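Subject: Two-chain model, handover and findings

Hello,

Here is the model I promised to pass on.

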Amino acid sequence: MKISINGAQTDLPADARVSLLDMLREHLHLSGTKKGCNQGACGACTVLLDGRERILSCMALAVQYEGRAITTIEGLASSGEMHPLQRAFIEHDGFQCGYCTPGQICSAVGMADELSRGVPSHVTADLSAETILLTHDELRERMSGNLCRCGAYNGIVDAIADVHAERVA
Amino acid sequence: MTPFTYTRARDAAEAVRLGAENVAKYIGGGTNLVDLLRETIEHPHSLIDVTGLSDTIEQREDGSLLIGAATRNTAVASHRAVRSQYPVLSRALVAGASAQIRNMATVGGNILQRTRCAYFYDHDGSRCNKRSPGEGCDAIGGFSRNHAILGASSACVATHPSDMCVALAALGANVHLRSARGERTLFLTDLHRLPEDRPDIETMLEAGELITAVEIPALPFSARSTYRKVRDRASYAFALVSVAAALEVEGDTVKEVRLALGGVAHKPWRAWKAEAALKGRRATPESFRAAAEAELADAAPLRDNGFKVELANRTIVAVLTELMEMDV
C-alpha cells in the first residue's frame with residue numbers, strides 16, 4: 001500500500017479514514033498544502049494527481065490513491081529553481097496572507113493542463129473549438145474553485161496570465 | 001468519522017458481491033460522501049471503492065452513448081461527441097462545482113449525491129426527516145430561499161443538487177443497474193423519488209444495487225440543446241433555478257422539445273407538461289411563456305422562494321429563444 005508523494009514512495013495510512021490532506025500535513029509534515037474549509041469549498045488543499053490533474057486533498061481518502069503520484073507545492077520546484085508560477089506570484093504580488101497561495105499555484109498548474117487538452121469551461125462560447133484562449137473571463141471562471149479571502153485576485157490573475165501569456169487573448 | 005473497512009472493487013461483479021454482504025456504501029470520487037462521513041450523516045461499516053470500474057465513453061453506431069459510471073465529470077464534459085451532439089450535457093457539467101471537484105467526481109456519484117439543504121447538514125441543530133425519519137423538518141418555516149417549489153411534501157422541501165442530472169433527464173437517459181440479483185435499467189427520471197412521507201428514501205435503488213453506466217439514446221435534435229443555470233454567484237454555486245432544453249423546429253412550429261428543471265424539486269424535474277403544451281405549437285416567445293406557466297402552475301412556494309416561479313418561467317423562455325437562434 002504505497003503512494004508517491006513528490007516522487008518519494010510512501011506508506012499509506014492504515015486507517016482508511018485519513019484524508020490525503022491530513023496524511024500530507026499531519027503524517028508527512030508537508031504543511032504547504034493548507035486546510036481551509038475541509039469541505040471542498042475553498043480550494044486551499046488543491047494538489048496535483050499524476051503530475052497534472054488538480055484535485056482537492058480534503059475530499060480524498062488517501063487509500064483511494066494507492067499507486068498514484070501526488071505533487072504538492074513542495075514538489076513544484078525543480079533543481080532548486082522555483083516553478084514559473086511561484087516566481088510570477090511573487091512578481092505580481094499574488095497574495096496577502098499567503099494561506100490560499102499553495103492551492104492557487106497547484107490549481108493554476110492543473111488549469112493550464114486542462115486548457116491544453118481542450119477541456120471546456122462554463123464561459124467557453126464555442127464547445128467545438130480546438131483551441132481555447134485564456135481570456136480574462138476564462139481564467140477567472142477556471143480558477144473559481146480557489147478562494148482568496150484577502151481578495152488578492154487581481155495579482156493572482158496577473159501572475160497566471162503572465163505565465164500563460166502565449167494563450168492569453 | 002465512524003470507522004469503516006475499505007475495499008477497492010476490481011470489477012462490477014466483485015463490487016455488488018461486497019455490496020450485498022455488508023452495511024456498505026459505494027464510493028466514487030468522494031466529493032460528497034467524504035463530507036457526509038465527516039459530518040457523521042453517513043456511517044457505513046464498509047466502503048467499496050468503485051472508481052476502478054468502467055470509465056469509458058462508448059459511442060455506438062446508432063449514435064447513442066454509453067458512459068461508464070466511474071467516468072469523471074471532466075472527461076464527460078470534454079468528450080468530443082458530448083460537446084458536439086449533446087452540448088446540454090457538457091454545459092450542465094461545467095456549470096457544476098469547481099474544476100477540482102469535476103476532476104474527482106464520477107458520473108455514478110454525481111447522480112447519487114445528496115441534497116445540500118443546510119438543515120439536512122446541521123446534524124446537531126436542526127430537525128430533518130431525511131436524516132431522522134419522523135422528527136420533523138426545520139427547513140419548512142425556516143430559511144427556504146434554496147428549497148423546492150415543485151413536488152415537495154409536508155415532510156421535506158429539499159432539492160436535488162445535480163446539474164448533470166437535469167441534462168440527463170431532458171435527454172431521456174437510462175441508468176444501468178446491477179446487484180447480486182441481476183441487472184436492470186431505469187429511466188433517470190424514474191430513479192429519484194419525490195419525498196412524500198419518506199424523504200430518507202431518495203431513489204428506487206434496492207439494497208446493494210450499483211449504477212454501472214448511463215446510456216444516452218440518440219436524439220436527432222440534441223445538437224440544438226443547452227443548459228442555463230441561475231445562481232447567486234457567477235460561478236461555483238448551486239442552482240436557484242436551472243433549465244436543460246433541446247428543441248426541434250420545423251418551419252415555425254415546434255416539432256420536438258425536451259425540457260427539464262433543476263433547483264426546484266427533490267429530483268431532476270422533467271417538464272412533461274411544458275413539453276406537451278409546446279409540441280405542435282408555433283415557436284414564439286408567447287407559446288414558450290404559456291408552456292412554462294403550464295409547468296409552474298403546480299408550484300407551491302415557501303416563505304423565501306416565491307421568486308423561483310417567475311425565475312423558472314423567464315429562464316425557460318430565454319433558453320428556448322436561445323435555442324431558436326442557435327447555429328447548429
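Predicted model: local features only at pLDDT ≥ 70, side-chain atom pairs only at ≥ 80, totals over all residues.

Residues are numbered from 1 along each chain as its sequence is written, while chains are lettered from A and ligands numbered from 1 in the order in which they are written.

Chain A

Chain A has five helices and five strands. Helices (H or I, at least four residues) and strands (E, at least two) are DSSP runs, numbered from the N terminus. Along the sequence the order is β-β-α-β-β-β-α-α-α-α. The radius of gyration of chain A is 16 Å, close to the 15 Å that the globule rule gives for 169 residues, so chain A is as compact as a globular protein of that length. That radius is taken over C-alpha atoms, and the rule is 2.2 Å times the number of residues to the power 0.38. Along the principal axes, the C-alpha atoms fill a box of roughly 50 × 35 × 35 Å.

Of the 169 residues in chain A, 47% are buried. Buried means 20 or more other C-beta atoms within 10 Å of the residue's own; exposed means 12 or fewer, partly exposed is in between, and C-beta atoms are placed from the backbone. Take contacts in chain A between residues at least 6 apart in sequence: 60% join residues at least 24 apart. A contact needs C-beta atoms, placed from the backbone, within 7 Å.

The domain assignment gives chain A domain 1 (2-75) and domain 2 (84-167). Such bounds come from an automatic or database assignment. The two domain centres in chain A, taken over C-alpha atoms, are 21 Å apart. Their contact takes 14 residues from domain 1 and 13 residues from domain 2. On the domain 1 side, strand E3 (46-49) and strand E4 (53-56) of chain A each give two or more residues. E3(A) gives the most, with three residues.

Between the chains

The contact takes 29 residues from chain B and 30 residues from chain A. Several elements of chain B supply at least two residues each, including strand E1 (5-8), helix H2 (33-38) and helix H6 (99-104). H6(B) gives the most, with five residues.

Chain B

Chain B is divided into domain 1 (5-51) and domain 2 (238-325). Their centres, over C-alpha atoms, lie 37 Å apart.

The largest nonpolar core has 153 residues, and Ala167(B), Ala170(B) and Ala244(B) have the most contacts inside it. A nonpolar core is a set of buried Ala, Val, Leu, Ile, Met, Phe, Trp, Tyr and Cys residues joined through C-beta atoms within 7 Å. Beyond its neighbours within four places in sequence, Ala170(B) touches Val88(B), Ala244(B), Ala245(B), Ala246(B), Arg258(B), Leu259(B) and Ala260(B).

Strand E8 (residues 210-216) of chain B has six of its seven residues buried, so E8(B) is largely enclosed by the rest of the structure. Strand E5 (residues 65-68) of chain B pairs with E8(B), antiparallel, over four bridges. Pairing requires at least two DSSP bridges. Gly68(B) stands opposite Ala213(B) there. Strand E6 (residues 174-179) of chain B also runs antiparallel to E8(B), joined by five bridges. Val175(B) has Val214(B) as its bridge partner in E8(B).

Best wishes

Key:
Contact = placed C-beta atoms within 7 Å.
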